[in-house]
Amino acid sequence: MSESEPVPIHTEVLDGLALANELRAELGETITKLVGAGNRAPCLAVVLVGDDPASRSYIKGKQRACGRIGMESVEHILPASTSQEQLLALIADLNGDDGVDGILVQLPLPSHISSAVVAEAVDPAKDADALHPTTSGRLLAGTAELISCTPMGIMAVLDHYSIPMEGANAVVIGRSNIVGKPIALLLQQRNATVTLCHSRTRDLAGRCREADILVAAVGRPRMVKGDWIKPGAAVIDVGVTEVEGKLVGDVDFDAAIGVARLITPSRRGIGPMTITMLLRNTLLAYRNRKGV
Ligand code: NAP
């Protein structure tokens, strides 16, 4: 190899399901001990409005994951015609139900229901999805215990691969309340220098090329090209879009191989980690509420 040729980089591809299973096994052990000590199992209430097949399959996956670690789950499937008042009444019941520790309202909601109003209706002590403004305010203040599931899953991946964050340039594409903003805060709390990009960012490619850690949470298939990636960067691809029956991420996965140090695939990537953090939040909410 000549001196000018770049050294090929070995790219690790995250097996999100394997890592998720490791973390879930630890949560399961904790639940087994708590139940063995005479406590009831923690319980997640899952609410779905409408019959969107993708949402139905997401909540089934979440409930299966609960069952596998000894966590209870109850589902409330409401018709798409449900009014906002009816949904708020159900949430009030779940808030008052001592047997429910975490509440998840599956998004998206029908257009006649405000997801912001619904997020504010959930008791912050049971906010398993971490969408209540009180919960996000605590994240801003650096005092949060319940943290948005996808961002917390991303941090667990970065820690698993010992990706250095202190002083690193982190670039986040996307500024949603559910992914972009909270992951930017978490990275900044770990002393990364964070640039939060969005649809009006100028020279997005140039920004990305400076990233030691690049998080793409947009929902535009293969938007991030291979030459946007700094050699040796850790690339977290959150985006999932169905294209011709296949799930495609925001990053050109094939082009990232040999350039990135770490890449997350769109299947068995961040998705299973997100569910794991939902379980983690529910267990934490249970322990905080019960003082165990
Ligand atoms: P969202 O609320 O639609 O936000 C998308 C963000 O991308 C917005 O901030 C938008 O900018 C930005 N954006 C759009 N076009 C852009 C462009 N050309 N250049 C730069 N930025 C652009 O999405 P989300 O809820 O965060 O989800 C993002 C993706 O992650 C989706 O594919 C979703 O399915 C996926 N997701 C996956 C998981 C998982 O567990 N795997 C969890 C959550 C989300 P503006 O703010 O300027 O409009």
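Modeller: Domain bounds here come from an automatic or database domain assignment. This is a predicted model, where local features need pLDDT of at least 70, side-chain atom pairs count only at pLDDT 80 or more, and totals for chains, interfaces and linings use all residues. Residues are numbered from 1 along each chain as its sequence is written, and side-chain values use heavy atoms, without hydrogens and water.

Biologist: What's the volume of the largest pocket?

Modeller: About 1,700 Å³. A pocket is an open set of points on a 1 Å grid over the protein atoms alone where a 1.4 Å probe fits, with protein on both sides within 12 Å along at least five of seven lines; lining residues have an atom within 4 Å of a point.

Biologist: Switching over: how many residues line the second largest pocket?

Modeller: There are 26, and Ala-119, Ala-130, Leu-131, His-132 and Asn-177 lie nearest its centre. The second largest pocket has a volume of about 510 Å³. Helix 4 brings the largest share of its lining, five residues.

Biologist: Where does the second largest pocket lie?

Modeller: Between domain 1 (39–129) and domain 2 (148–271), because both give residues to the lining of the second largest pocket.

Conventions
Points joined across faces, edges and corners; volume = space filled by probe spheres on them. Helix = DSSP H or I, 4+ residues; strand = E, 2+ residues; numbered from the N terminus.
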